[in-house]
Amino acid sequence: AARGRSAPSKRKQQSMARKRKGTPVHGWVVIDKPKDVTSTQVVGIVRRIFDAQKAGHAGTLDPMATGVLAIALGEATKTVPFAMDAEKTYRFTATWGEARDSEDAEGKVTATSPVRPTREQIEAALPAFTGEIVQVPPAYSAIKVQGERAYDLAREGEEVVLEPRTVEVLESRLVGMPDPDHAEFEILCGKGTYVRAWVRDIAKAMGTLGHVCALRRARLGSWDEKAAVSLETLTPFMHS
């Protein structure tokens, strides 16, 4: 009898089918992430639009944040670590006088302060929060703690203690003060910098409390917001 290769097992056939699902499309898509959706949800939408076999993103944006979210498709996912190392520009608004458990507007108020910093106080505090600084990341972050995401543990009511880390803020500036309760900033920073932690810490240094009420990533490496496209622009091209 002639010899041949045995037929693949049912499990192997299922695995091969899963691997073949979708189109082998490769490259980067730069999305202008809308507010109130997660980065993971955006990746799923883009993956369906292009019917891509594989997709990932270069750096999480919080649900309340908007702006540049770079999505890698196919072989481009191998370069995600390099993109995540790129410098980033953020524009954001701080609310003074309130601490929140998530350190942004979506969290619960945990403490209040009557102190409102002046423009002069903010300008004087900026140098200490520019350059190499030490941050304790927010409990509501994507950092893994014993295999679990910190934000999952925090939402379950567990106390999350994260280790301080050194990050770099290359530039920081006060953009505006629409009223005594708010200040608008722009920073250029390196990998691992948390804007929420930056606002929390600069508020504390000025004798008050603070959290982020609006956040936008204006640039990631060579990709800026002008090059980003909206999901509404891409959706009509979605594969059925």
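Modeller: The side chains of Arg 196 and Asp 62 make a polar contact at 3.1 Å. A polar contact is a pair of N or O atoms within 3.5 Å; within protein, one must be able to donate a hydrogen and the other to accept it, and residues adjacent in sequence count only if both atoms are side-chain atoms. This is a predicted model, in which local features need pLDDT of at least 70 and side-chain atom pairs count only at pLDDT 80 or more, while totals for chains, interfaces and linings use all residues. Residues are numbered from 1 along each chain as its sequence is written, and side-chain values use heavy atoms, leaving out hydrogens and water.

Arg 196 counts as buried, at 3% relative accessibility. Buried means under 20% relative accessible area, exposed over 50%, and partly exposed in between, with a 1.4 Å probe and protein chains only. Arg 196 sits in helix H6; helices (H or I, at least four residues) and strands (E, at least two) are DSSP runs, numbered from the N terminus.

The largest nonpolar core has 39 residues, and Ile 71, Phe 92, Trp 96, Phe 185 and Trp 198 touch the most other members. Helix H6, residues 195–205, gives this core its largest share, five residues. Such a core is a set of buried Ala, Val, Leu, Ile, Met, Phe, Trp, Tyr and Cys residues joined through side-chain atoms within 4.5 Å. Leaving aside neighbours within four places in sequence, Phe 92 is in contact (heavy atoms within 4.5 Å) with residues including Val 195, Trp 198 and Val 199.
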